[in-house]
Amino acid sequence: MSTPSPHGRSRNAALAVALAAASAFTLTACDDDSGGSSTSSATPTAPDTASFSGNAASALASAKASVRAEASKRAASASAAASSFEASVSAEVERANKAARTELAKVLGQGNAMSEVTMTGKPRSETGGLLAVVVTITNKTDKTASYAVQVDFLDSSGKAVETRYVGAEDLEPGQKAQPVAVSRKPTEPVLTPKLAKAQRY
């Protein structure tokens, strides 16, 4: 049997060292601290913040600003609707209302036509949020007549805090008129309309 040369011995030693290192690496990868085999698991990845825009605080502030802007827009729209409604009512009955106020100034008590007048509340959705009542006047006599009506708006204590006048002129027997009495007071506190006077003349 021949003896390996020094060069061969060096090559064999290097190969043995490489094999030992490979074995050590394999054992390290397969064994955990407890001596059992470990199972691999995915490592959580941090979210990519490059696609983020702003932050939670700024997004919330933006949402609040949007809500405030929308509320302001709606309030302005409601105010415009209220003004438009009131203007249309005033344009139709202003002269009759002035005549009614003048006539009622002469009346003592509730007047002679309370039984010929009724009131019905008008939905605030149709008045821009204003408190308004439809005053139905019916000529129950057999002659043409004009009417003057006073509507008081009462607070929770029963005190009249506002008075409005409406009227109808030259109603034929059996004919009806439906002027609208509109309160110009704020929506709060809530007021209650009351038929105070009704005069036929």
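Me: Buried means under 20% relative accessible area, exposed over 50%, and partly exposed in between, with a 1.4 Å probe and protein chains only. Why is Lys106 called exposed?

Reply: Lys106 has a relative accessible area of 61%. The cut-off for exposed is over 50%, so Lys106 is exposed. This is a predicted model, where local features need pLDDT of at least 70, side-chain atom pairs count only at pLDDT 80 or more, and totals for chains, interfaces and linings use all residues. Residues are numbered from 1 along each chain as its sequence is written, and side-chain values use heavy atoms, leaving out hydrogens and water.

Me: What makes the contact of Lys106 and Glu103 a salt bridge?

Reply: A salt bridge needs a side-chain nitrogen of Lys or Arg within 4 Å of a carboxyl oxygen of Asp or Glu. For Lys106 and Glu103 the N to O distance is 3.5 Å. That is within 4 Å, so the pair qualifies.

Me: Is Glu103 buried or exposed?

Reply: Buried. Its relative accessibility is 16%, and the limit is under 20%.

Me: How do you know that Arg200 and Glu116 form a salt bridge?

Reply: Their side chains meet at 2.1 Å, N to O. The limit is 4 Å, so the pair counts. Arg200 and Glu116 link distant parts of the chain, 84 residues apart. Arg200 sits in strand E7 (residues 192–200). Glu116 lies in the loop between helix H2 (56–104) and strand E1 (117–122). Helices (H or I, at least four residues) and strands (E, at least two) are DSSP runs, numbered from the N terminus.

Me: What makes Glu126 and Lys122 a salt bridge, and why are both called partly exposed?

Reply: The closest N and O atoms of Glu126 and Lys122 are 3.5 Å apart, which is within 4 Å. Glu126 has a relative accessible area of 48%, and Lys122 has 24%. Both values lie between the cut-offs, so both residues are partly exposed.

Me: How many salt bridges does the whole structure hold?

Reply: The search finds 3.

Me: What is the order of elements in the protein?

Reply: From the N terminus on, they run α-α-β-β-β-β-β-β-β. That is 2 helices and 7 strands.

Me: What share of the protein counts as buried?

Reply: Of its 201 residues, 26% count as buried.
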